[in-house]
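Subject: Structure for you to look at

Hello,

Here is the structure I said I would send.

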Amino acid sequence: MPFRISKTTEEHADWGTKGPLKGLLTPHALDDCGAMCAAMIKASREGSKNNYRPLIDSHIDYILHKEFRLKDGTLARNRPQKNTLWLDDLFMGIPALAQMGKLTGDTKYYDEAVKQVLQFSARMFNKEKGVYMHGWVEGMSEHPQFHWARANGWGILTKVELLDVLPENHPGRPKILALLKAHAKGLASYQSGSGFWHQLLDKNDSYLETSATAIYAYCFAKAINKGWLDPLAYGPAALLAWNAVSTKVNDEGQVEGTCVGTGMGFDPAFYYHRPISPFAAHGYGPVILAGSEIINLLKNSQFEINDSSVQLKKQ
């Protein structure tokens, strides 16, 4: 079967080179395979009759052994500069490793996942602001910090995905949980009065962005439902975020206000002027996740309006 797939790809290189399956079959970056690998493992764990294991093994091998790394083993890229960390790569690689740990029971996958989150965070998490910079370049004496909203979404979503399967007795769990709480606190401080977050979190003149807001709504709600975040503090923020996101689903089911795919830059104009599009796929998954988790939050909790403010009724 692998030979036939390879042969088909070569014969139809005119479309295959540009097709989405090209990267899935022969990955050359974490973007090609990491998130899909995590999804296939989840499907396998839920009893799917499809045999995803050949692709899963190929993708895990790529993440562990073929993706470029810094000398200390941190997953990295050589663009736009040599030895660059992209916050996006947390989500593009770590949930797959965490799910592989759950699938196989082999702790080496959990260990690697925890190590990556901690090493990224040591370089990129701004403790004063409680949010991450988007990009970090080894060798730069100073790092212009641009706190891009969706990249921070990938960051907090990674921690939620990891905690969801990381064993309670894993020695790295307290550190990941502490990072989740610190990140959630920082993000909550930047939520706008409309419920959205800005394209650049700490730049109120940058536009309000949908996909990041949906990711935060999901992560806050999921973390509350799991007992990781204080429901009194974060429940209202999660509902406000969901109400904002719901206004961006149009009558055709399209998600509006989502920033298109974005590289990493060191000037504000790059982020301020990234287009938004209903065809940007990054908005759809987060909106579905957010809506489903908000339903769980509402089932598990009781809210009330007090002096026009949303309050969770403590059980």
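Helix H5 passes helix H6 in a left-handed crossing. Please keep in mind that this is a predicted model. H5 covers residues 53-66 and H6 covers residues 88-104; their axes are 10 Å apart and the packing angle is about 125°. An angle over 145 degrees would count as roughly antiparallel and 65 to 115 as roughly perpendicular, so H5 and H6 are oblique to each other. On the H5 side the contact is made by Arg53, Ile56, Asp57, Ile60, Ile63 and Leu64, and on the H6 side by Gly93, Ala96, Leu97, Met100, Leu103 and Thr104. Sorted by class, the contact of H5 with H6 has 8 nonpolar, 2 polar and 2 charged residues.

H6 also packs against helix H7, residues 107-124. Here the axes come within 7 Å and cross at roughly 155°, which makes H6 roughly antiparallel to H7. This crossing of H6 and H7 is left-handed. H6 contributes Asp89, Leu90, Ile94, Leu97, Ala98, Met100, Gly101, Lys102 and Thr104 to the contact, and H7 contributes Tyr109, Tyr110, Glu112, Ala113, Gln116, Val117 and Phe120. The residues of the contact of H6 with H7 divide into 10 nonpolar, 3 polar and 3 charged. Leu97, Met100 and Thr104 of H6 are listed in the contact with H5 and in the contact with H7.

The next pair is H9 and H10. Helix H9 (residues 173-188) and helix H10 (residues 210-226) have axes that come within 12 Å and cross at roughly 130°. H9 and H10 are therefore oblique to each other, and H9 passes H10 in a left-handed crossing. Leu180, Ala184, Leu187 and Ala188 of H9 meet Tyr216, Phe220 and Ala223 of H10. Those residues divide into 7 nonpolar, no polar and no charged.

Last, the core. Which residues touch the most other members of the largest nonpolar core? They are Ile60, Ile156 and Phe220, out of 84 residues. H10 supplies the largest share of this core, 10 residues. Ile60 is one of the H5 residues in the contact with H6, and Phe220 is one of the H10 residues in the contact with H9. Leaving aside residues up to four places away in sequence, Ile156 touches Leu180, His183, Ala184, Leu187, Ile215, Tyr216, Cys219 and Phe220. Among them, Leu180, Ala184 and Leu187 of H9 and Tyr216 and Phe220 of H10 also belong to the contact between those two helices.

Regards

Conventions. Residues are numbered from 1 along each chain as its sequence is written. This is a predicted model: local features need pLDDT of at least 70, side-chain atom pairs count only at pLDDT 80 or more; totals for chains, interfaces and linings use all residues. Side-chain values use heavy atoms; hydrogens and water are left out. Axes are lines fitted to C-alpha atoms, for helices over the stretch in contact, and angles run from 0 to 180 degrees between N-to-C directions. Helices (H or I, at least four residues) and strands (E, at least two) are DSSP runs, numbered from the N terminus. Angles under 35 degrees count as roughly parallel, over 145 as roughly antiparallel, 65 to 115 as roughly perpendicular and the rest as oblique. A crossing is left-handed if the near helix is turned anticlockwise from the far one by less than a right angle, and right-handed if clockwise. Contact means heavy atoms within 4.5 Å. Ala, Val, Leu, Ile, Met, Phe, Trp, Tyr, Cys and Pro count as nonpolar, Asp, Glu, Lys and Arg as charged, and the others, Gly among them, as polar. A nonpolar core is a set of buried Ala, Val, Leu, Ile, Met, Phe, Trp, Tyr and Cys residues joined through side-chain atoms within 4.5 Å. Buried means under 20% relative accessible area, exposed over 50%, partly exposed in between (1.4 Å probe, protein chains only).
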